[in-house]
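Student: I have a model open and I'd like to learn how to read it. Can you walk me through it, one feature at a time?

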Amino acid sequence: MYGYSGRMFVYEVVGLQDSGDSNSPIRQSGSQRITVPYNRMSAIARSIKQRGGTIVSITPLGEASPTVQSPTTTPSPDAKSMIVHPPSNFEKVPVNTYKPKSPFVGKCTENYPLVREGGSGIVQHVTFDLSGSDLQYLEGQSIGIIPPGEDEKGKPHKLRLYSIASTRHGDFEDNKTISLCVRQLEYDHPETGERVYGVCSTHLCQLPVGSDVTITGPVGKEMLLPDDEDATVIMLATGTGIAPFRAFLWRMFKEQHQDYKFKGRAWLIFGVPYDANILYKDDFEKMAQDYPDNFRLTYAISREQKTAEGGKVYVQSRVSEYADELFELIQKPNTHVYMCGLKGMQPPISETFTQEAEKRGMNWDEMRKAMKKAHRWHVEVY
Ligand SMILES: Cc1cc2nc3c(=O)[nH]c(=O)nc-3n(C[C@H](O)[C@H](O)[C@H](O)COP(=O)(O)OP(=O)(O)OC[C@H]3O[C@@H](n4cnc5c(N)ncnc54)[C@H](O)[C@@H]3O)c2cc1C
Ligand SMILES: NC(=O)c1ccc[n+]([C@@H]2O[C@H](COP(=O)([O-])OP(=O)(O)OC[C@H]3O[C@@H](n4cnc5c(N)ncnc54)[C@H](OP(=O)(O)O)[C@@H]3O)[C@@H](O)[C@H]2O)c1
């Protein structure tokens with residue numbers, strides 16, 4: 001189904017009590033190598049765990065065969081297939097075309113609400129016209145916005161970063177616009193109890209069409225989408241963390257631009273408080289309908305859905321629920337995992353991956369480090 005069903009992989013395992021397998025010689029490092037067909041990877045990993053073993057590396061057979069190494073380190077998997085290349089139409093990733101001292105002043109062309117009735121808070125889709133600028137950007141990058149006015153010290157406001165929600169071609173495919181997905185920050189002051197509204201997010205959420213907006217950037221190389229049109233892309237988002245994934249999904253399924261024809265697999269796990277807070281819901285559901293073999297959409301609706309234990313359903317609950325499939329996918333050398341949204345999501349998601357890996361005889365810390373090194377693990381939380 002993913003183009004890997006006929007492939008063989010090599011597990012390097014330490015601590016197996018009795019391999020009973022003359023085909024898995026013990027190596028100098030104390031580890032053993034076991035050749036595993038793709039469709040039996042999870043079952044064999046479980047059996048290794050039951051026999052007291054730990055998998056320290058997984059390598060596609062015939063590719064980058066690992067040399068003798070310490071049993072606690074995972075080799076960098078087949079780097080060739082995993083490096084994220086800048087797209088062919090960019091010599092390199094564009095960064096800081098506009099700096100804070102010389103920003104570009106664009107115009108707001110669209111500003112519409114994304115939260116439906118019954119949802120919580122205000123989130124707007126905001127688009128700016130970039131005509132007359134040299135601002136080019138890639139999916140997964142961010143831009144800076146400098147709000148007008150001064151801070152409490154009388155200094156001009158500093159820039160705030162926002163993930164870009166449109167593809168490099170813009171929402172109208174004319175290479176002239178950029179879009180953001182912005183939540184208005186609002187909270188009760190912890191001492192005075194007074195309602196406080198964020199400076200820049202309020203500026204953006206209330207920006208009238210036709211108004212000026214001061215833009216810097218683009219910045220960021222952490223969240224770039226791989227060039228590989230056959231990649232598997234797993235996206236974990238909370239709230240406005242959906243922004244870069246909207247760009248990815250538009251590029252994959254909506255644009256079908258001549259420079260990129262996605263044929264791989266995409267899986268979005270999206271955490272929101274209420275159904276009415278599912279940003280871009282119709283768009284995503286249409287894509288899932290149109291590309292059922294390529295796009296899987298899973299929600300975690302924390303205040304409406306319940307776990308079997310009666311708790312809130314969060315992104316990490318879904319990671320746990322679908323751990324068998326996720327771990328099978330993650331072991332493929334062209335699977336990328338992205339996490340974006342609330343800072344608070346990172347520790348519980350890491351904890352869930354750690355526990356689920358342990359159940360399968362794997363070491364998540366080593367796996368994550370190897371994925372990070374191979375540019376397959378991407379995190380942007382704020
Ligand atoms: C890489 C990156 C990408 C981002 N992408 C997006 C995006 O796509 N969409 C989006 O909406 N935002 C995004 N953000 C967040 C964004 O940059 C701003 O931080 C956010 O909009 C708030 O800015 P503000 O000017 O409205 O708030 P400010 O006026 O700057 O107020 C923020 C300050 O308020 C205080 N504060 C905030 N909450 C509370 C609380 N509950 N209790 C007490 N004090 C509090 C803190 O001191 C905080 O520093 C991103 C951030 C980063 C770093
Ligand atoms: N003032 C308002 O009206 C208002 C409204 C909505 C959000 N907010 C605040 O805005 C911030 C985020 O907004 P957003 O647009 O990015 O997201 P959002 O739309 O609020 O969605 C965030 C989702 O992530 C969940 N979540 C919270 N903590 C998590 C954790 N540690 N791990 C995994 N999931 C977690 C939330 O669940 P739960 O929230 O159900 O726990 C919710 O389902 C939050 O601080 C939120 O409190 C304010």
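Predicted model: local features only at pLDDT ≥ 70, side-chain atom pairs only at ≥ 80, totals over all residues.

Student: Which residue in E15 is the bridge partner of Ala237?

Tutor: Ala237 has Cys340 as its bridge partner in E15. Now look at E16 (residues 377-381): five bridges join this strand to E15, and the two run parallel. Cys340 turns up again here, standing opposite Glu380 in E16.

Student: How many residues of strand E15 are buried?

Tutor: Seven of the seven residues in E15 (335-341) are buried, so the strand is mostly covered, taking 20 or more other C-beta atoms within 10 Å as the cut-off for buried.

Student: And which way do the residues of E15 point?

Tutor: Here's the general idea first. In a regular strand, side chains alternate between the two faces of the sheet. In E15, Thr335, Val337, Met339 and Gly341 point one way, while His336, Tyr338 and Cys340 point the other way, and all of them are buried.

Student: Let's move to the other sheet. What is the strand order in the open sheet of six strands?

Tutor: Read it as E7-E6-E11-E4-E5-E8, with antiparallel pairing. Strands E7 (160-163) and E8 (177-183) each have a single partner strand and stand at the edges, so one side of each is left without a neighbour in the sheet. From one strand to the next, the twist averages 40°.

Student: How many bridges join E6 to E7?

Tutor: Four bridges join E7 to strand E6 (residues 142-146), and the two run antiparallel. For one example, Ser142 has Ser163 in E7 as its bridge partner.

Student: Where does Glu173 lie, and what is its phi?

Tutor: Glu173 lies in the loop between E7 and E8. Its phi is near 55°, a positive value in a residue other than glycine. Glu173 has 14 other C-beta atoms within 10 Å, so it counts as partly exposed.

Student: What about Arg376: buried or exposed?

Tutor: Arg376 has 26 C-beta neighbours inside 10 Å, so it counts as buried, and it is found in the loop between helix H9 (364-373) and E16. Arg376 and Leu225 are 151 residues apart in sequence, yet their C-alpha atoms are 9.9 Å apart in space.

Student: Last one: how many residues surround ligand 2?

Tutor: There are 23, and the closest are Gly121, Thr238, Gly239, Ser302 and Gly344. By class, this shell has eight nonpolar, eleven polar and four charged residues. Strand E13 (265-272) and helix H6 (315-321) each supply at least two residues of the shell around ligand 2.

Student: Why does ligand 2 lie between domain 2 and domain 3?

Tutor: Look at who contributes to the shell: domain 2 (104-219) and domain 3 (232-381) both give residues to it, so ligand 2 lies between them.

Methods. Residues numbered from 1 in each chain as written. Chains lettered and ligands numbered in written order. Near = placed C-beta within 6 Å. Nonpolar A, V, L, I, M, F, W, Y, C, P; charged D, E, K, R; others polar. Domains from an automatic or database assignment. Pairing = 2+ DSSP bridges. Axes fitted to C-alpha atoms, helices over the stretch in contact; angles between N-to-C directions. Buried ≥ 20, exposed ≤ 12 C-beta atoms within 10 Å, placed from the backbone.
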